[in-house]
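Keep the structure open as you read.

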Amino acid sequence: MPTSRFHSAMNVLAVVLPSLASVPAMGQIGNPGGLDPATSESAPGTPAPGQTNATDKLFVKLVGMGNAGEVDLGKLAEANGSHAGVKAFARRMAQDHSATATKLSAAAKPAGIPVPTAPGPDQKATRASLEGLQGAAFDAVYLQAQLIEHQKTVQLLEWEIGSGQEASLQRLAMETLPVVLDHLAMVQALIAETRGTVPQGLAGAQLAERMTRP
Amino acid sequence: MHLLKHIARLAAVPAAVVAVNVGAADPLPPDTTYRPLPTQPFSDVKRMDEAQKPKVMQRQSALLGQRYDLANRPVPGVMMSGGRKAVQGGVRVRLREGTTWDRLAAMSPQEIRDRGLLPDGFKPLPHVKHATGGQVFPQNQIDEINRLEQRDLRRFDVDLDLPDHLTPEFPPPIFLTTHTELGDVSRGQLLSIRNYYELMTGLITPVQMEGLRLLLTPFPQEEFNQTEDRKVAAPSLGVACLDCHANFHTNAAFHLTPDVRPQAARFRLDTTSLRGLFNQQIHGSKRSLRSVEDFTEFEQRTAYFNGDHVSATRKGANLPDRTNQVAMMAQMQNIIDFPPAPKLDWRGRLDPTKGTAQELAGERVFFGKGRCSECHVAQTSFLDNNMHDLKLERFYRVGETANDMVALPDGPIKTFTLRGIKDSPPYLHDGRLLTLADTVEFFNLVLGLKLTAQEKEALTAYLMVL
């Protein structure tokens, strides 16, 4: 069973997740120095919808592969994981990343950017290292891979917010970032719990707060 | 399952298994760390930047107006040290609807976070155009450097976003540790490469003079240079150290931290005053460089080029000679004194015969319930020469984007001095707090102090005499 600490982390997330309404409707106002030179403008200085740069394209590719991998690994971990918290987290990953994959397809479609539907080399390598593992050994490798994957995804989303061009993709990045940070905090909480160490990163900040305040 | 049982089971997992994935991973794209080369001709960039500018300024103005009361409301009778500008008063950060400062202070950080009640003005402040970033100068500095040097510090993509009355007096007075009897030696002028010699001959030594010359000499900077990547209309000689640290103080010019990537995660930096640098043991809000020589030398890669030495090499790196130039620049900076604080004794304590009852009450809060003195140690110029993490992220949901900046934990930031603090608004490393009353409310909440209204007012009054 998950301990009360993990429940606490999940409860915090349940409270804060619906608060996405404050995300601004527009994309960023970027540095035109980094626009694709062929960009057409809907108004002077404003890229027309569907006009992308190299950041947008690579972002869609990497995040698309990541989503596919998360869904695949989530299903695997729900079946093969042993810790109840890990299995619940894996189910959540399959659900959330499947939902994000749908949103990513919708956002990338007007721009004509192909969205990968299969996991990439990173996710395939993770799957290969999980093959044949059971129990706590499976959990440990899955969580470590999830930690790295979410740490990298946070940076990727921030990169798109700062350097992308297509407003719908940037909006998606802005909406998704707090959720991915929540996922990261959940992985950190689970790693702490299963390794018997203190939680790191955001999980540390959130749980320390819960433990020290009534 | 019981936690201990887990640990026992996990002990059987070899560490090598857990590390398997790390080696197989692709790295993140290179321009998450490095500045990409520009993709468009200068004329196109300039045209688009100029077209975007009204929207950029309007968006930032809306954010500031939503976060703060920007009114011109000076504290009666309190001027900055040169007597050129009044100190602004009152709490300017706007509360969320339906709450009060006292009610907020009574809540736990978690409740404030879960209910989204942290005032936005307490959150990290975005750059006026975060996706581009870079140095932004106030109009008074732009005008004066243009008049003195015919050098253009105006960017075509952005202007400074703060109203003039919320920034330091200009030009700021200059106080020398080597001539305390003279008081302000600026003669009401802004130091520049054109006038420094006539203003300072007879007051400083030859090595200090040479240091001053170098601190006033423009060198290429990320937005001010000759390439198509610049944000100034004509190819530019660059900027000088004292373009931001005007008269060795600050003119509220701002920048983004050179120490964080990617761009959206970089926090804003409000220019720090160089007054009292002689007693400061660590330099740079994040880098904790251990000498002013190290800092002066390396700013050519950081303040000038955002911590990207690759970009610096393309646009023109200045490599000051350590013994012949850096040391002299440091020696000049090390004779810049704090403004006078006649009510303080040599230990930085209020003279009870000079302080008012309210100021003395404020000092008691500062050293007692307010816990300010735990980091701002009076005897060492209100510094502890350490960095501390206030963990503000306990109070808000991390990862939300405001004007293209992602709000993330600030992490450890160095303690700044409080000597002469009324002269250097805005406050905190990014300038997110506009008045000293704002900083009192900020620390009341973050440190969980539960100060009364009377104690807050006394503390604010005390800060004005430091």
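**From chain A to the helix pairs of chain B**

Among contacts in chain A between residues at least 6 apart in sequence, 68% join residues at least 24 apart. Bear in mind that this is a predicted model. Chain A is built from seven helices and two strands, and if you read along the sequence you get the pattern α-β-β-α-α-α-α-α-α. As for burial, 53% of the 214 residues of chain A count as buried.

Now zoom in on H6(A), which covers residues 167-195 of chain A. Its 29 residues reach 41 Å from the first C-alpha to the last, close to the 42 Å expected at 1.5 Å a residue. Where does the kink in H6(A) lie? Look at Thr176(A): there you'll find a kink of about 35°, shortly before the proline Pro178(A). H6(A) is also mostly covered, with 25 of its 29 residues buried. Follow the chain past the end of H6(A) and you come to Gly196(A), which has a positive phi, near 70°.

Over to chain B for some packing. Two packed helices are described by the angle between their axes and the distance between the axes. Start with H9(B), residues 206-215, and H13(B), residues 322-333: they pack at an angle of about 100°, and their axes are 7 Å apart. That angle makes H9(B) roughly perpendicular to H13(B). On the H9(B) side, the contact is made by Val207(B), Gln208(B), Glu210(B), Gly211(B), Leu212(B), Leu214(B) and Leu215(B). H13(B) brings Gln325(B), Met328(B), Met329(B), Ala330(B), Gln331(B) and Met332(B). Sort the residues of this contact by class and you get eight nonpolar, four polar and one charged.

The other pair to look at in chain B is H14(B), residues 357-367, with H16(B), residues 453-464. Here the packing angle is about 100°, with the axes 7 Å apart, so H14(B) and H16(B) are roughly perpendicular to each other. Which residues meet where H14(B) touches H16(B)? From H14(B) come Gln358(B), Glu359(B), Ala361(B), Gly362(B), Glu363(B), Val365(B) and Phe366(B), and they meet Glu455(B), Ala458(B), Leu459(B), Ala461(B) and Tyr462(B) in H16(B). By class, the contact of H14(B) with H16(B) comes out as seven nonpolar, two polar and three charged residues.

Terms used
Residues are numbered from 1 along each chain as its sequence is written. Chains are lettered from A and ligands numbered from 1 in the order in which they are written. This is a predicted model: local features need pLDDT of at least 70, side-chain atom pairs count only at pLDDT 80 or more; totals for chains, interfaces and linings use all residues. Axes are lines fitted to C-alpha atoms, for helices over the stretch in contact, and angles run from 0 to 180 degrees between N-to-C directions. Helices (H or I, at least four residues) and strands (E, at least two) are DSSP runs, numbered from the N terminus. Angles under 35 degrees count as roughly parallel, over 145 as roughly antiparallel, 65 to 115 as roughly perpendicular and the rest as oblique. Two residues are in contact if their C-beta atoms, placed from the backbone, lie within 7 Å. Ala, Val, Leu, Ile, Met, Phe, Trp, Tyr, Cys and Pro count as nonpolar, Asp, Glu, Lys and Arg as charged, and the others, Gly among them, as polar. The expected span of a helix is 1.5 Å times one less than its number of residues. The bend at a residue is the angle between axes fitted to the seven residues ending there and the seven starting there. A residue is buried if 20 or more other C-beta atoms lie within 10 Å of its own, exposed if 12 or fewer, and partly exposed in between; C-beta atoms are placed from the backbone.
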